[in-house]
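These are my notebook entries on one protein model. I record what I looked up and the rule by which each item was judged.

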Amino acid sequence: MIRAIAIDDEPIALKVIENFCHEIEAITIEKTFTNAEDGLKYLKKFPTDIIFLDIEMPNLNGIDLYKQIQQNTLVIFITSRPDYAVEGFNLSALDYLLKPFTFERFKQATDKARDYFASSNNQKAQHIFVRADYRLQKIMLDDIMCIEALDDYLKIYINNQKTIVARMTMKAMLEKLPSTEFMRVHRSFIVPIKKVESLRNKMLQLGDKKIPVGNSYEEDVLKHFSA
């Protein structure tokens with residue numbers, strides 16, 4: 001089931017979105033917000049697959065709100081102004097609904113979300129998507145050398161050749177990664193298990209990288225690599 005919320009300062013628009021979502025089995029609308037700041041607070045605490053997001057709102061518009069979201073949540077922008085479409089798609093919006101929209105047009109947008117998640121689930125052992133530089137980036141799991149936490153950001157090392165910086169938490173990243181292939185070994189590091197070459201003096205060797213093992217993770221790491 002796709003988890004969705006809607007943020008729009010017009011209560012009537014929220015009611016339309018709720019009613020349309022109730023007609024679509026693949027989506028459950030969990031919350032609606034007329035205040036953008038309240039919606040942003042919710043998104044910082046609860047995982048959400050997709051947002052129906054109005055662009056024109058007082059205090060905080062939808063585009064600026066979406067730029068602040070730390071989790072990798074898809075967005076369908078909603079507005080009465082077609083001139084916002086280009087900027088919306090530059091942020092990798094899944095779709096763009098122009099008010100007033102019909103149920104058929106709404107379903108077309110949600111079908112895109114359904115197809116996206118179906119594709120991701122079928123190939124979840126091969127790649128993940130992360131939002132970086134205001135767009136969704138596909139990262140092959142086999143290419144990940146390690147992941148490092150830096151305050152509110154993660155630095156993803158790709159085969160020691162390049163890095164991708166994404167604004168998300170370690171918890172959110174672990175939820176994306178298959179637990180059989182990746183392990184958190186330190187409060188600041190996640191490593192791909194199959195790339196660990198050795199463990200010595202609480203240091204993991206992965207190619208030319210040395211990753212420390214944190215005290216609270218030492219027991220699990222020792223159990224895994226001693227088995």
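**Entry 1: burial.** I call a residue buried under 20% relative accessible area, exposed over 50% and partly exposed in between, using a 1.4 Å probe and protein chains only. The model is predicted, so I note that local features need pLDDT of at least 70 and side-chain atom pairs pLDDT 80 or more, whereas totals for chains, interfaces and linings use all residues. Residues are numbered from 1 along each chain as its sequence is written, and side-chain values use heavy atoms, with hydrogens and water left out.

**Entry 2: Thr73.** I looked up Thr73 and found a relative accessibility of 0%, so Thr73 counts as buried. Thr73 sits in the loop between α3 (62-68) and β4 (74-79); helices (H or I, at least four residues) and strands (E, at least two) are DSSP runs, numbered from the N terminus. Which backbone oxygen does the side chain of Thr73 reach? That of Thr48, at 3.1 Å. Leaving aside residues up to four places away in sequence, Thr73 touches Thr48, Asp49, Ile50, Ile51 and Tyr66, contact being heavy atoms within 4.5 Å.

**Entry 3: Ala93.** I placed Ala93 in the loop between α4 (85-90) and β5 (95-98). Its relative accessibility is 10%, so Ala93 also counts as buried.

**Entry 4: aromatic pairs.** I paired rings of Phe, Tyr and Trp (its six-membered ring) if their centres lie within 6.5 Å; planes under 30 degrees apart count as stacked, over 60 as edge-to-face and the rest as tilted. The count by this rule is nine aromatic pairs. One of them joins Phe20 and Phe106 in a tilted arrangement, 5.4 Å centre to centre with 55° between the planes. This pair links distant parts of the chain, since Phe20 belongs to helix α1 (residues 11-22) and Phe106 to helix α5 (residues 103-122), 86 residues apart. I find both Phe20 and Phe106 buried. The rings of Tyr116 and Phe129 are tilted too, with centres 5.5 Å apart and planes at 50°.

**Entry 5: salt bridges.** I counted a salt bridge where a side-chain nitrogen of Lys or Arg lies within 4 Å of a carboxyl oxygen of Asp or Glu. My search of the whole structure gives 12 salt bridges. Asp8 and Lys99 form one of them, their closest N and O atoms being 3.0 Å apart. Asp8 lies in the loop between β1 (2-7) and α1, and Lys99 in the loop between β5 and α5, so the pair ties together parts 91 residues apart in sequence. Are Asp8 and Lys99 buried or exposed? Both are buried. I next noted Glu219 and Lys223, which form a salt bridge at 3.4 Å between the closest N and O atoms. Both lie in helix α7 (residues 218-226), four residues apart, or about one turn of the helix. Glu219 and Lys223 are both exposed. Salt bridges with shared partners join Asp8, Glu10, Asp54 and Lys99 into one network.

Technical notes. Polar contact = N/O pair within 3.5 Å; in protein donor to acceptor, adjacent residues only side chain to side chain.
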